Amino acid sequence: MHWVHGTGVMRLDRPRLIGIINLTPDSFSDGGRLKSLDDARRAIDQVIAEGADVVDIGAESTRPGATPVAVEEELRRVVPVIAAAVKAHPGVPVSVDTVKARVAREALAVGASIVNDVSAMRLDPEMVQTVAGSNAAVVLMHSRGDVAYMASYSYADYGEDVMADVLGELGTQLDTAIAAGVSRERIAVDPGIGFAKRGAQSLAVLRGLERLAALGCPVLVGVSRKRFIGEITLAASPADRLAGTIGANVAALERGARLFRVHDVKPNREALDVAWAIRGGA
Ligand code: HH2
């Protein structure tokens, strides 16, 4: 399997790690850490040195209660950092984590290769055309509600089978993207761990991940340091959830995930490479 993106083709012949760069003052686990362009440059160099295959750069937190970011502010935070990442590491695709079409357009204009939309292109009516009119890849992540509520439990009502509802809603967005002209090989799907999902619901979608993989698109998971892990391990602080994160990522790999969005690249890289080698590299 492979994933076509704006500057090339990523073969999914091994687990691919996406290093998180949060340019937000208020992200749930690492908000406010990167205060300058130089801080961001160093963080990017580090995740790539640790083995990231993609760098995901975002400037709007989805933490419940976080203040939505105005488009001008999001552009001011994200565009220079993407430009710097592309210049310093031309071989590493950069993903922009945004739900706003204008931010996606300007990120693509300075060299981003992937649009990571945590609303699966629901929230900005121009996003579908923006992606269709580019050669970028897109991540369609399942969520419900707008940015301020999507990581809360406000919309966490599902039928008996959580994954069936997720598949139905993501399937609609996938059909919309394809109908607009986004080729299937450019689309990755993500169950949206912790987004409009209580702990048990996040576990249910991870358990059923093969059903998402059966759509035929690469599956991405973002479990890193999330609340459902703390509920199991009793690690109250996100930074103490690394071992739980690795457990979840390995379980997701076994169920078909090939793309892993993580804060701690090196330990996840090592764990997933070992799990992959035991599988015999397939
Ligand atoms: N999770 C977060 C943000 N973006 N993108 C994808 N594709 N999948 C995810 O699970 C995902 C995501 C939330 O985590 P983080 O960026 O660490 O926090 P915040 O939203 O507070 O910035």
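**A colleague's note on the sheet, a helix and the spaces**

1. In other words, 7 of the 7 residues of E3 are buried. Helices (H or I, at least four residues) and strands (E, at least two) are DSSP runs, numbered from the N terminus.

2. A word on the source: this is a predicted model, in which local features need pLDDT of at least 70 and side-chain atom pairs count only at pLDDT 80 or more, while totals for chains, interfaces and linings use all residues. Residues are numbered from 1 along each chain as its sequence is written, and side-chain values use heavy atoms, with hydrogens and water left out.

3. Now the sheet around E3. It is open and has 8 strands in the order E8-E7-E6-E5-E4-E3-E10-E9, with parallel pairing; two strands pair if DSSP finds at least two bridges between them. Strand E8 (187-190) and strand E9 (220-221) are the edges, each pairing on one side only.

4. You can follow both neighbours of E3 residue by residue. With strand E4 (residues 54-58), E3 pairs in the parallel sense over 5 bridges; Gly19 stands opposite Val55, and Ile21 faces Ile57. Strand E10 (residues 259-262) also runs parallel to E3, joined to it by 4 bridges, and here Leu17 stands opposite Phe260.

5. Helix H3 (residues 101-109) is worth a look too: Ala101, Val103, Ala104, Ala107 and Leu108 are buried there. Seen down the axis of H3, these buried residues fall within an arc of 160 degrees, so they line one face of the helix; the arc is that of the directions from the helix axis to the C-beta atoms. The packing partners of the buried residues are helix H2 (71-88), strand E5 (94-97), strand E6 (114-117) and helix H4 (127-132), where contact means heavy atoms within 4.5 Å. Just after H3, Gly111 has a positive phi of about 115 degrees.

6. On to the open space. The largest pocket has a volume of about 610 Å³ and a lining of 43 residues, with Phe28, Thr62, Ala151, Phe195 and Lys226 nearest its centre. Strand E3 (16-22), helix H6 (199-207) and helix H8 (227-233) are the elements giving two or more residues to this lining, and H8 has the largest share, 3 residues. By class, the pocket lining holds 15 nonpolar, 15 polar and 13 charged residues.

7. On a 1 Å grid over the protein atoms alone, a cavity is a set of points where a 1.4 Å probe fits but cannot get out, a pocket is an open set with protein on both sides within 12 Å along at least five of seven lines, and lining residues have an atom within 4 Å of a point. Grid points are joined across faces, edges and corners, and a volume is the space filled by probe spheres set on the points. Ala, Val, Leu, Ile, Met, Phe, Trp, Tyr, Cys and Pro count as nonpolar, Asp, Glu, Lys and Arg as charged, and the others, Gly among them, as polar.

Methods: Buried means under 20% relative accessible area, exposed over 50%, partly exposed in between (1.4 Å probe, protein chains only).
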